[in-house]
Amino acid sequence: MKRSFTLFFVSFLFTVSMAVAQPGGARMGTGGMSMGAGQTGRLYGKILDSTSGKPLDAVSVQLVSSKFDMVKKQRKDTIISGMLTPANGDFSLENVPIMGDYRIRISAIGYVTLEQKVSFLSAEVQQKLMQAFASMNQPAADGKPAAQPNMMEVLRKAFGGDMSQMASMADKDLGNFMLKPDAKMLENVTVTANRPMMQMGIDRKIFNVDKSLSASGSSAIDIMRQIPSVNVDIDGNVSVRNASPTLFIDGRPTTLSLDQIPADDIQSVELITNPSAKYDASGGTAAIINVVLKKNKKSGYNGSVRAGIDSRFRPNLGGDINVRQQKVNLFASGNFSMRKSLGWSDIATDYAPTGNLPAYAIAQDVNSSNRGFFAFGRAGADFFIDNRNTLTLSTNIVNGSFDSEESNYIKYDTLYAPPTSSTTRRLTESDRNFRNIGSSLSFKHLFAKPGHEWTADVNFNSMKSDGASLFDNQLLDANSNPKGNPALQRTESGTTSTFIVAQTDYTNKLSNNVKFESGLRAQLRNFSADNNNFIFNYNTNGFVLLPAVSNDYEFTDRVFAGYVTFTGKVGKEGKLGYNLGLRAESSNYDGKLVSLDSGFNVKFPISLFPSAFLSYKLTERSDIQMNYTRRINRPSFFQLMPFIDFTDPLNLSVGNANLSPEFTNSLEANFSQQFNNNHTLLVSTYYKYTTGLLTRFQYKDLNQVSKDSAIYNTWINANNSQTYGLEITSTNKFTKKFETTTNLNFYNASINSENIQQNLNNSQASFFGKITLTQRIGKSNQWTLQMNAEYQSKTVLPVGGGRGFMGGGPMGGGSQAAGSNGFVNPNYGADFSIRRDIIKNKNGQGYAGSLTLSMNDIFRTRIYDATTSSAFFVQNLTRRRDPQILRLQFNWRFGKMDASLFKRKNMKGEMEGMSEGMNMQ
């Protein structure tokens with residue numbers, strides 16, 4: 001009773017004295033505790049390994065208070081505060097009531113749990129306060145009751161006049177805690193993967209690749225098929241909410257494409273549907289897909305090897321290894337695969353009559369095959385200079401070679417009496433080689449204050465490719481026999497580019513509830529290409545260069561950006577969160593047509609891109625969020641370059657140097673509900689409005705090769721486009737062995753091109769659905785079955801088209817917006833996988849190996865079917881590619897490691913991923 005009175009009295013003294021000493025509730029500089037707000041303080045310290053003396057990360061620190069339950073007539077433990085330690089082993093428990101005795105409980109897998117009593121006030125200080133209070137509370141000499149003691153005088157007397165000592169009591173350093181390894185636990189520890197397939201955050205979805213069976217032995221494209229909101233067509237083109245996303249690797253832009261990234265090298269994929277001002281403003285309506293590559297920091301050595309083969313007898317091999325010793329962590333991986341791709345297309349185009357030209361039709365029957373190899377290598381090292389400074393160097397090399405063959409039977413029919421018909425067989429043989437080398441250097445510094453850090457990194461990519469194509473156009477008679485000599489055309493092309501991104505970011509936690517972030521970014525891209533076209537001359541029996549349709553060109557693209565964001569919480573419980581940001585970007589192109597000795601320059605001045613995120617925690621399991629962002633989509637060099645591309649005589653294209661960027665304003669609202677540990681729901685509504693829409697545009701002009709009129713495809717700025725929709729994503733674990741991930745997206749996309757032509761609009765309500773089913777079988781879950789399926793209803797052809805119009809022919813004058821009146825018809829598909837765990841670990845618990853059998857498009861239903869209409873023609877394109885490929889894959893994991901550190905690192909990786917996803921960064 002005496003001790004409780006003392007604690008209550010001391011708490012009261014602190015409240016009153018600090019309110020007097022800090023008018024208006026001013027914040028002290030010690031730990032950011034709001035002294036005027038009441039009886040709260042901060043407890044902090046550091047967790048170390050008792051053997052090595054090194055800091056431990058991902059250690060659970062809990063502050064426990066024991067209270068008497070009057071109903072149950074027993075004491076009950078209540079967790080007051082808690083956290084997982086970062087890499088430096090520090091912990092800080094904020095807003096802890098000063099009044100009370102506590103126990104700190106420290107635990108980590110592989111270590112003996114440590115528990116001890118802690119409090120803000122030592123027994124000595126409590127005794128001094130009691131004595132000071134007693135001495136000032138003595139009755140007066142005349143026997144009258146003692147006067148109320150002066151609180152400030154009591155405190156001064158107890159602390160010997162040193163008021164700073166009093167203030168420091170509310171910001172207490174508990175010192176270092178030494179955890180001892182648990183030898184018994186290490187002997188029997190079994191490492192298991194407990195992360196769900198999908199982790200949902202307010203601003204992103206995190207997809208854990210190790211949960212995807214069908215992705216094993218394939219590329220990142222196959223992973224994208226399983227990610228909610230992401231749609232992949234038969235050519236591997238990816239779209240999110242009907243727009244092409246921006247691809248990042250490890251948080252930075254890249255020149256790699258998804259088919260160049262092996263699935264087995266990916267740890268997770270993050271989908272950010274509405275990026276804040278912290279991220280690159282480029283992309284317009286596009287989301288960001290961030291591919292996180294595998295890299296861990298487990299002590300000892302560990303790795304995996306894998307091998308597989310598909311039903312077309314194309315093998316793949318790969319492996320990775322990680323070695324950590326003291327302050328150096330080395331990692332490396334490599335993959336080699338051979339590929340064979342088959343495709344079938346039917347193209348029917350009906351042309352309207354123009355002037356003196358009658359109506360006619362072109363039907364194309366196309367078969368194609370592509371063979372080649374692909375190799376990917378990656379290596380790097382982390383240098384832990386000390387507990388607060390880390391230097392990372394990594395590099396990757398991509399190399400590949402592909403040969404393709406295509407046969408195209410083109411039937412030309414006039415539609416007047418008497419009708420005439422002709423057939424041309426067009427054979428194309430192409431070969432292409434490419435190489436990409438990328439390197440990155442990163443430095444990270446942690447300041448002594450938690451949440452205070454500075455990072456800087458430089459990323460460099462160099463790409464080179466070259467290839468040649470031979471077009472053999474042979475006119476056939478009614479019996480499909482050749483008529484005359486074939487028209488032969490040859491193209492030779494090569495490209496080189498360098499891509500450099502330098503970025504620095506600074507983060508500082510200004511107070512318990514406010515975080516400040518800022519950064520600068522510079523991007524430089526140099527690109528050069530040569531494109532030479534030849535035609536075969538039978539008089540000289542050789543190919544002759546056509547200078548009029550050949551060119552060398554080069555360009556330099558520069559983008560400079562800076563941003564600031566403030567992230568914080570409002571209210572005592574911090575239920576209301578906010579993120580306010582502003583980004584500034586400018587860019588310019590310098591282009592040159594080398595062979596014509598002509599150049600052009602396009603500058604886009606500084607533009608501002610604000611973003612605002614608000615979130616509110618309704619309950620412990622539910623949140624709502626609203627956000628707004630402004631973004632930009634700058635025309636690419638190829639859209640700007642005023643050079644006619646004659647590579648494909650049936651598909652001519654030319655850029656437009658007068659293009660302007662398009663700007664997009666995005667609004668999004670989200671509701672997240674976790675019903676229990678097995679069921680979660682995320683409901684999103686979104687609206688995107690784009691002005692100055694970049695869209696394809698068609699006009700008629702003279703074909704400088706055939707000397708006939710032809711349709712040219714170029715780019716212009718249309719009025720606007722808008723997209724709005726409702727998206728529902730859920731993860732459900734119905735039993736311990738059966739779980740699902742479901743994504744439904746109902747949306748409407750419309751394009752307004754009335755600035756080009758009156759009543760030129762296009763709008764379509766659409767639906768997209770995707771589901772992943774996972775079933776485990778057996779007592780030890782050795783068997784795992786997984787099915788992925790998706791359905792896409794009729795939708796507007798993605799803005800910008802993305803596909804060339806494969807028809808062409810002699811036409812009159814006129815023009816038309818190509819992307820403004822096209823649709824993709826409904827399509828659907830399903831993939832199936834089965835995995836069997838094999839090769840038990842030495843301790844008899846868990847498995848080190850697995851065999852996976854998978855098949856894509858099991859019902860042969862993935863068919864791309866698009867219809868496009870204009871004043872010139874109506875065209876229908878149907879394509880099928882690589883259905884029902886069977887793939888068998890073997891994986892084996894090995895290693896000798898500190899199992900406790902392995903678990904802690906996995907926990908830390910999960911914590912970092914979720915903190916990125918669940919918090920507004």
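Mentor: By salt bridge I mean a side-chain nitrogen of Lys or Arg within 4 Å of a carboxyl oxygen of Asp or Glu. E585 sits in strand β27 (residues 576–593) and R634 in the loop between β29 (622–633) and α7 (637–640), so this pair ties together parts that are 49 residues apart in sequence. Those element names come from DSSP runs, numbered from the N terminus: helices are H or I with at least four residues, strands are E with at least two.

Before we go on, keep in mind that this is a predicted model: local features need pLDDT of at least 70, side-chain atom pairs count only at pLDDT 80 or more, and totals for chains, interfaces and linings use all residues. Residues are numbered from 1 along each chain as its sequence is written, and side-chain values use heavy atoms, with hydrogens and water left out.

Back to our pair. E585 is buried, with a relative accessible area of 1%, and R634 also counts as buried, at 11%. Buried means under 20% relative accessible area, exposed means over 50%, and partly exposed is in between (1.4 Å probe, protein chains only).

How many salt bridges does the structure hold? There are 18. Another one joins R306 and D320, with the closest N and O atoms 3.1 Å apart. That pair links distant parts of the chain, with R306 in strand β16 (residues 300–310) and D320 in strand β17 (residues 315–325), 14 residues apart. R306 is buried, with a relative accessible area of 5%.

Then look at E115 and R103, where the closest N and O atoms of the salt bridge are 2.7 Å apart. E115 lies in strand β6 (residues 114–118) and R103 in strand β5 (residues 102–107), so the pair ties together parts that are 12 residues apart in sequence. Is E115 buried or partly exposed? E115 is partly exposed, with a relative accessible area of 42%. There's a network here too: salt bridges that share partners join R103, R105 and E115.

As for the general idea, side chains of opposite charge can pair when their charged atoms come close.
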